[in-house]
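Hi everyone, thanks for coming.

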Amino acid sequence: VRFPNQAPQLVMENWQKVTSDLMKSESFGQAMERVDGSLEDLIKPHVAGINDPTEKAKRIYEYFRDNFTWNGYTGIYASGNLKNVIKTKTGSIGDINLMLIAALKSFGYTAYPIILSTRSRGYTHELYPLMDRFNYVVCAVLIGDSDYLLDASDPDLGFGHLPNRCYNGHARVLMQDPLPISLAADSILERKVTLATLVASPQDVKGSIQSSMGYFSSTYYRGLVREKGEDAVFNSIKTRFGSEYEITNTHIDSLKKKDLPIKITYDFQTKNEEADVLYIDPVLDPFSKENPFQSPQRFYPVEMPYRIDETYLLNFEIPEGYKVDEMPKSAKVGLNDGDGYFEYLVSTEPGRIQLRTRVVLAKAYFTPEEYESLREFFGYVIKKQAEQIVLKKATP
């Protein structure tokens, strides 16, 4: 902008200038420099005797994750004097992750800030440094040939993981030559595998389920357990099954191992009225109970948090004295042109039925033009997984 009788004033800088200014800022680069020594003294006892660089970086990350509480405020800047944050153990996203970067640097690591916009905030532009659009900062640390992205604000995240809110497209690594990167939801695959056994009799239906969860689902359940206890997880499962089911022998594996996905196991049982006909729900852990896409039209894209790959396997023992009267048929349907598929495969042998279903979404972003096919795909999956097996008492 050129005002009368004044030199031109730049409205928008380039990324190099913006990065340089941020590193000189009292609330960004200078805030990290001022806190270096204080952090090193605090962390030394937690990394004593550890020589492996990855394990040491993990311990430094865990110190901040486990000892500092995020106050709910976002932003790329430190909210104040970081030495006060060290005393109170509470701070904003900028406070916690800028301290993490400073600590890693003080121990000799190459670490950089990454600024981004969260999913609820909107997109940023790769070419133009419109700084008011950036509301989040995380850490990139380079160890050998590997780089790890870290966010110490979430007490349930493991080393090398970011919360789902960060996957919103363009982000910028603030290094000497600022580097654009893409944190896209399409780059994340949430994989879940469920193994179920089912035994039916005229008196009851019982069995067991073992679900290996995806990482983001694991993070959600860890948070639920931390806030409300393990009973909250299994109460939600009881609600899904219905009040007539009893859930026992519950267990969550790898709950404290935050770098790993969790595994949820439990047994279930429900009473059966002795009858000549038994109705069995073979898919005990369905992909979805109801279609999230209720509207017949949509004018905005669908942005899912990640790609999906869910497999459900059932081994069902037919009760003695009964035979199969009706059984769902095998099927396989695709979504658009390679955007995903659903398969439902049934096989039988004497006294036993085996079932395998798999839902795959190969991308997370769908245009409004793809909405109708996506809605129909979800509807088909939900309807197919709700089909029952009907058993009839065999005549002598």
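A word on terms: on a 1 Å grid over the protein atoms alone, a pocket is an open set of points where a 1.4 Å probe fits, with protein on both sides within 12 Å along at least five of seven lines, and lining residues have an atom within 4 Å of a point. The volume is the space filled by probe spheres set on the points, which are joined across faces, edges and corners.

Before going on, this is a predicted model, in which local features need pLDDT of at least 70 and side-chain atom pairs count only at pLDDT 80 or more, while totals for chains, interfaces and linings use all residues. Residues are numbered from 1 along each chain as its sequence is written, and side-chain values use heavy atoms, leaving out hydrogens and water.

Back to our pocket. Its lining has 23 residues, and Lys 192, Ser 217, Pro 286, Phe 287 and Glu 310 lie nearest the centre. Helix H7 (230-241) is among the elements that give two or more residues; with three, H7 gives the most. Helices (H or I, at least four residues) and strands (E, at least two) are DSSP runs, numbered from the N terminus. By class, the lining has 13 nonpolar, four polar and six charged residues. Here Ala, Val, Leu, Ile, Met, Phe, Trp, Tyr, Cys and Pro count as nonpolar, Asp, Glu, Lys and Arg as charged, and the others, Gly among them, as polar.

The second largest pocket has about 250 Å³ of space. Pro 286 lines this one too, and H7 and helix H8 (371-385) each give two or more residues to the lining.

Now, the sheet. In what order do the five strands of the open sheet run? The order is S5-S4-S3-S6-S7, with antiparallel pairing; two strands pair if DSSP finds at least two bridges between them. S5 (146-150) and S7 (179-183) are at the edges with a single partner strand each, so one side of each has no neighbour in the sheet. Further in, S3 (residues 110-116) and S4 (residues 136-143) are joined over seven bridges, and Ala 111 has Val 141 in S4 as its bridge partner.

Finally, helix H5 (residues 93-106) packs on the sheet, touching S3, S4 and S5, and its direction makes about 15 degrees with that of S4. Contact means heavy atoms within 4.5 Å, and angles run from 0 to 180 degrees between N-to-C directions, with axes fitted to C-alpha atoms, for helices over the stretch in contact.
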